[in-house]
Amino acid sequence: PEEEECNITDISSIKNAVNRINPQALINCAAYTDVDACERNQDKAFSVNGEGVKNLIQVCKENDVPLVHFSTDFVFDGGKRSPYTEEDKPNPLNVYGESKLLGEQYLLNSHAGFLLIRTSWMYGNGGNNFVKAVINKASNQSEISVVDDQIGNPTWTRNIVDIILRLLEIKQYGIYNYSNEGECSWYEFACEIIKIFQNSENKFHSTRIISIKSAQSKRAAKRPAYSALNKSKIKSAIGVDIPHWRESLKKFLI
C-alpha cells in the first residue's frame with residue numbers, strides 16, 4: 001500500500017492520522033536530523049523537533065495514546081568524561097541539540113504517558129546515516145577523512161525497536177537512554193565498517209581512512225567531544241542484555 005504522510009508541524013494532519021488508524025501507541029520517527037543544516041534553518045529545526053512534538057503530545061493526550069519519542073546525545077555538551085545518565089543536565093552546543101531539547105521539555109512537562117528514548121549515532125536500513133555515507137565514499141574515493149576526537153556509542157535501529165516494544169508491553173513509561181554498548185570515535189567506527197566489508201565482501205582494500213581533528217572538519221555545527229550514554233536505568237527496568245556496537249554493526253552489514 002502507498003505510504004500515508006503525516007506532517008507533525010500541522011496538528012490537523014496528526015489528528016486525521018490518529019482518527020483513521022486508532023493506534024495503540026504512536027512512535028514518532030519524524031525529526032530534522034541534519035545537524036549542520038539546522039544551523040542554517042533554525043526555524044525549521046525548532047518547528048519539527050520542538051513544536052511538532054508539542055502537537056503530538058496534545059493529540060496523544062486527547063486520545064489517551066502513549067507517545068514514543070526519540071532524542072539525542074547531542075543535548076549534552078560533551079564536557080563529562082563518563083557516560084551521561086538520564087539525570088545529567090543538558091547543555092546543547094548546537095541548534096539541532098537545542099531543538100531536540102525543546103521537544104524533550106514539552107514531553108517531560110506534559111504529564112502524558114510517554115517513552116522518551118535518548119539514543120546516539122543511529123544507523124539502519126532507512127534514511128541517511130554514517131554507515132551508508134562511509135560505504136558510498138569508499139565506493140568512489142580512495143581516501144576518507146574522519147574525525148577521531150568525538151567519542152560516543154553507535155546504535156543499530158533494530159536493537160532500539162526491540163527495546164521499545166518491550167517497554168510498551170510492560171507500560172514502563174519515562175525517559176531512558178539506549179545505545180549499543182562500547183565507546184568509539186567516528187574514525188574507529190569508519191575503520192570497523194571498512195574492515196567488515198573487506199572480510200565479508202572482499203571490498204575496499206585500497207581505501208584509506210585518515211583521522212583528523214574536529215577543527216579540521218570545518219562543519220557548521222559544533223559537536224560534543226564525548227557523548228556516550230549510561231544505560232543502567234533501562235537495564236534494570238527490563239533486564240536487557242545490550243549488544244556491543246561491533247556485534248550489531250556486523251549483523252547489520254552481513
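This is a predicted model: local features need pLDDT of at least 70, side-chain atom pairs count only at pLDDT 80 or more; totals for chains, interfaces and linings use all residues.
Trainee: How is the lining of the largest pocket divided by class?

Mentor: By that rule, the lining divides into 23 nonpolar, 17 polar and eight charged residues. A pocket here is an open set of points on a 1 Å grid over the protein atoms alone, where a 1.4 Å probe fits, with protein on both sides within 12 Å along at least five of seven lines, and a lining residue has an atom within 4 Å of a point. The volume of the largest pocket, about 1,700 Å³, is the space filled by probe spheres set on the points, which are joined across faces, edges and corners. Among the 48 lining residues, Thr-33, Met-122, Asn-128, Asn-129 and Phe-130 are the closest to its centre.

Trainee: What makes up the lining of the second largest pocket?

Mentor: Its lining has 13 nonpolar, one polar and three charged residues, and the largest share, five residues, comes from α1.

Trainee: Why is Asp-64 called exposed?

Mentor: Buried means under 20% relative accessible area, exposed over 50%, and partly exposed in between (1.4 Å probe, protein chains only). Asp-64 has a relative accessible area of 71%, so it is exposed. Asp-64 also has a positive phi, near 55 degrees, in a residue other than glycine.

Trainee: What makes Lys-171 exposed as well?

Mentor: The relative accessible area of Lys-171 is 59%, and therefore Lys-171 is exposed. Lys-171 lies in the loop between α6 and β8 (174-177), where helices (H or I, at least four residues) and strands (E, at least two) are DSSP runs, numbered from the N terminus.

Trainee: How do you know that the buried residues of α6 are on the same side?

Mentor: The buried residues of α6 are Asn-159, Ile-160, Ile-163, Ile-164, Leu-167 and Leu-168. They cover an arc of only 165 degrees around the axis, so they sit on the same side of α6; the arc is that of the directions from the helix axis to the C-beta atoms.

Definitions and conventions. Residues are numbered from 1 along each chain as its sequence is written. Side-chain values use heavy atoms; hydrogens and water are left out. Ala, Val, Leu, Ile, Met, Phe, Trp, Tyr, Cys and Pro count as nonpolar, Asp, Glu, Lys and Arg as charged, and the others, Gly among them, as polar.
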